[in-house]
There are 2 protein chains.
Amino acid sequence: MAHDIQIVTEAELRRIVSLDLTTVDVIEAAFAALASGGVVMPPILSMDLPAAHGEVDVKTAYIPGFDGFAIKVSPGFFNNPLLGLPSLNGLMILFSAQTGLVQSLFLDNGYLTDIRTAAAGAVAARHLALAVVETAGVIGTGVQARLQMQAAYLVRPFKRLLVHGRDKDKARVCAADLSALLGIEAEAVDSAETLVCSSQLVVTTTPSRQPLIQAEWLHPGLHITAMGSDQSGKSEIDPKALMAADAYICDRVSQCEVSGELEAALAAGIWNKGRPSELGEVIIGQKTGRQRAQDVTICDLTGTGVQDTAIATYVHAQFPQAGTILQA
Amino acid sequence: MAHDIQIVTEAELRRIVSLDLTTVDVIEAAFAALASGGVVMPPILSMDLPAAHGEVDVKTAYIPGFDGFAIKVSPGFFNNPLLGLPSLNGLMILFSAQTGLVQSLFLDNGYLTDIRTAAAGAVAARHLALAVVETAGVIGTGVQARLQMQAAYLVRPFKRLLVHGRDKDKARVCAADLSALLGIEAEAVDSAETLVCSSQLVVTTTPSRQPLIQAEWLHPGLHITAMGSDQSGKSEIDPKALMAADAYICDRVSQCEVSGELEAALAAGIWNKGRPSELGEVIIGQKTGRQRAQDVTICDLTGTGVQDTAIATYVHAQFPQAGTILQA
């Protein structure tokens with residue numbers, strides 16, 4: 001029995017969906033749902049294609065009350081730049097949660113992932129950072145460095161922005177781009193320590209396997225969101241900082257244990273505070289995040305299937321006529 | 001960077017792809033590749049959606065030397081018939097194995113799965129059944145009962161066909177359909193024992209959780225393909241029959257251990273012949289299947305990602321202009 005399937009390309013998605021307070025609210029609702037029970041989120045399916053220096057991940061999640069569930073396929077092929085192609089591609093497929101029929105194919109090449117990932121940073125800042133942030137800092141100079149600062153600015157409109165990266169030229173370009181985009185002062189700094197010590201809100205966006213932020217640099221009122229580490233072996237923050245913080249919050253404990261900052265802290269035997277709280281639990285008031293202005297808070301984002309299901313469901317509901325409609 | 005994506009609907013796929021010796025050869029090559037090393041086939045991603053009596057499975061496999069790899073999403077929503085919809089839907093996505101770019105979206109609602117599953121039955125019959133089969137029998141009366149007999153007939157053109165099912169009316173309709181389709185004598189039989197004892201080639205196609213074939217019914221020359229059991233708890237053949245057979249062959253040992261006939265035999269402590277051989281190993285001559293005319297052989301098919309990658313790669317290579325081409 002044929003039914004309508006919506007097919008939307010990356011170019012069309014870029015026209016209709018953007019990183020704004022609406023998408024931040026969509027992702028906040030997803031985390032709240034994750035904490036409210038009934039979510040089914042299987043472990044990530046992951047396949048290596050060593051011959052092509054490639055890998056592919058598949059994520060999904062079912063959220064009670066949502067009309068659809070997304071399956072996201074994210075290939076990463078790291079020889080692609082040699083061919084003039086981007087490393088990251090992929091698509092999201094939205095299925096009806098009532099019938100399993102395909103509703104939408106979002107051929108987004110990772111664009112919706114970029115949006116939902118940055119939006120999670122805003123959600124973390126909204127619930128964990130100081131109410132007033134004067135200076136924000138970002139470590140890393142890529143797409144997520146830019147998007148994370150745009151997202152944070154939506155909920156904490158800071159006056160000044162610092163950028164640190166291994167490549168000083170890229171850091172300068174990133175700072176200039178963000179200065180123009182947000183209309184605020186932004187500068188590149190050579191030292192991660194200077195950046196952390198001068199900022200109330202810091203976001204790390206790197207694939208680092210060595211901590212970039214030391215525990216000694218924590219200072220009263222600081223909030224850090226670590227969104228770079230999303231695979232075993234990656235680590236952006238000194239494991240001792242997790243213990244030293246007043247609140248260390250995971251997007252999903254089961255993922256942070258194996259692919260987030262928590263992995264190294266557990267491996268080193270440093271973490272002994274039991275099960276960390278999750279961002280959704282803080283959102284719904286089941287757990288506490290920041291309790292005092294002087295608290296240091298850290299949020300560990302590994303990326304969850306509920307974010308994919310939430311953004312895909314939102315796009316289909318909001319723009320049902322976008323793209324091409326195919327009878328299939 | 002936009003590139004061409006091929007989108008083919010079920011109706012179009014039914015026009016261009018059929019169960020024939022070509023598709024059987026495609027699936028045989030996939031099994032041979034599986035035995036030749038280098039295949040990457042991660043465990044199946046599986047998610048339950050209890051609120052809708054639904055489930056969704058995701059399978060994939062990378063085969064060295066193949067231009068693409070498929071990711072198949074198979075939702076099963078068992079309240080759908082109440083809504084006038086089929087229970088099974090889904091799609092296959094073909095990616096370039098060199099770049100990870102999406103090449104084709106096959107909106108097949110399980111049609112390509114039906115074909116590749118039946119083709120595997122033909123491959124098993126080709127390599128394990130007697131060279132001459134007079135009578136074939138099928139247990140089950142659904143889509144796969146029909147397709148498995150069509151597939152077997154391609155490689156072993158039998159003269160007579162028996163059908164057994166719990167619903168005698170459905171068995172009669174299935175026998176009549178197959179008689180018309182193959183132009184041979186076909187009849188429904190009330191007893192599974194009669195069917196097995198009268199046939200040289202038997203295929204079981206049911207979701208049974210109780211053995212339908214008893215070990216005592218095995219007779220010289222018999223080949224059985226069990227393709228129904230594909231989930232933990234399902235079982236179509238008495239576990240003692242696996243031990244009694246001269247050759248028990250898995251499509252993939254790691255899958256048969258947890259979701260095939262082997263599961264029950266291992267759980268009951270009956271299986272003590274070590275690691276069974278795989279169909280691909282028999283195809284490439286690495287292991288032996290049938291050695292003598294009087295041997296009893298059993299093949300356990302749980303369904304593998306290499307079959308999906310093989311059929312999807314074939315369809316794209318053979319019919320690159322089929323369907324709709326989208327710039328995305």
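1. At roughly what angle do the axes of helix H2 and helix H11 of chain B cross? In this predicted model, the axes of H2 (residues 21–36) and H11 (residues 305–318) of chain B cross at roughly 135° and come within 9 Å. H2(B) is therefore oblique to H11(B), and the crossing of the two helices is right-handed.

2. The residues behind this contact can be listed. H2(B) contributes Thr23(B), Val26(B), Ile27(B), Ala29(B), Ala30(B), Ala33(B) and Leu34(B), and these meet Val306(B), Gln307(B), Ala310(B), Ile311(B) and Tyr314(B) of H11(B). The contact of H2(B) with H11(B) comprises 10 nonpolar and two polar residues, with no charged residues.

3. In chain A, helix H11 (residues 305–318) also meets helix H3 (residues 111–128). The axes of H3(A) and H11(A) come within 10 Å and cross at roughly 115°, so the two helices count as roughly perpendicular to each other. The crossing of H3(A) and H11(A) is right-handed. On the side of H3(A) the contact is made by Leu112(A), Ile115(A), Arg116(A) and Ala120(A), and on the side of H11(A) by Gln307(A), Asp308(A), Ile311(A) and Ala312(A). By class, the residues of this contact are five nonpolar, one polar and two charged.

4. A further helix pair in chain A is formed by H4 (residues 143–155) and H5 (residues 168–182), whose axes come within 10 Å and cross at roughly 30°. That angle makes H4(A) roughly parallel to H5(A). The crossing of H4(A) and H5(A) is right-handed. Ala145(A), Arg146(A), Met149(A), Gln150(A) and Tyr153(A) of H4(A) make the contact with Cys174(A), Asp177(A), Leu178(A), Leu181(A) and Leu182(A) of H5(A). Seven of the residues in the contact of H4(A) with H5(A) are nonpolar, one is polar and two are charged.

5. Turning to the sheet, seven strands of chain A form an open sheet with mixed pairing, in the order S2-S3-S4-S5-S6-S1-S15. Strand S2 (45–49) and strand S15 (324–327) of chain A are the edge strands, each pairing on one side only. From one strand to the next, the twist averages 15°. Strand S1 (residues 4–9) of chain A runs antiparallel to S15(A) and is joined to S15(A) by four bridges; Ile5(A) has Leu326(A) as its bridge partner there. H11(A) lies across S1, S3, S4, S5 and S6 of chain A, at about 115° to S4(A).

6. How are the two copies related? Chain B is superposed on chain A by a rotation of 180° with 0.0 Å of shift along the axis, at an RMSD of 0.0 Å; this is the relation of a two-fold axis. Leu45(B) comes closest to the rotation axis among the residues of chain B, at 3.0 Å for its C-alpha.

7. At the interface, 44 residues of chain B are in contact with 44 residues of chain A. Strands S1, S2, S3, S4, S5, S6 and S15 of chain B each supply at least two residues of the side that touches chain A. That side of chain B has 31 nonpolar, 11 polar and two charged residues. Since 100% of the interface residues of chain B are also interface residues in chain A, the copies meet through the same surface.

Key: Residues are numbered from 1 along each chain as its sequence is written. Chains are lettered from A and ligands numbered from 1 in the order in which they are written. This is a predicted model: local features need pLDDT of at least 70, side-chain atom pairs count only at pLDDT 80 or more; totals for chains, interfaces and linings use all residues. Two strands pair if DSSP finds at least two bridges between them. Axes are lines fitted to C-alpha atoms, for helices over the stretch in contact, and angles run from 0 to 180 degrees between N-to-C directions. Two residues are in contact if their C-beta atoms, placed from the backbone, lie within 7 Å. Copies are superposed by least squares on the C-alpha atoms of residues with pLDDT of at least 70 in both. Angles under 35 degrees count as roughly parallel, over 145 as roughly antiparallel, 65 to 115 as roughly perpendicular and the rest as oblique. A crossing is left-handed if the near helix is turned anticlockwise from the far one by less than a right angle, and right-handed if clockwise. Ala, Val, Leu, Ile, Met, Phe, Trp, Tyr, Cys and Pro count as nonpolar, Asp, Glu, Lys and Arg as charged, and the others, Gly among them, as polar.
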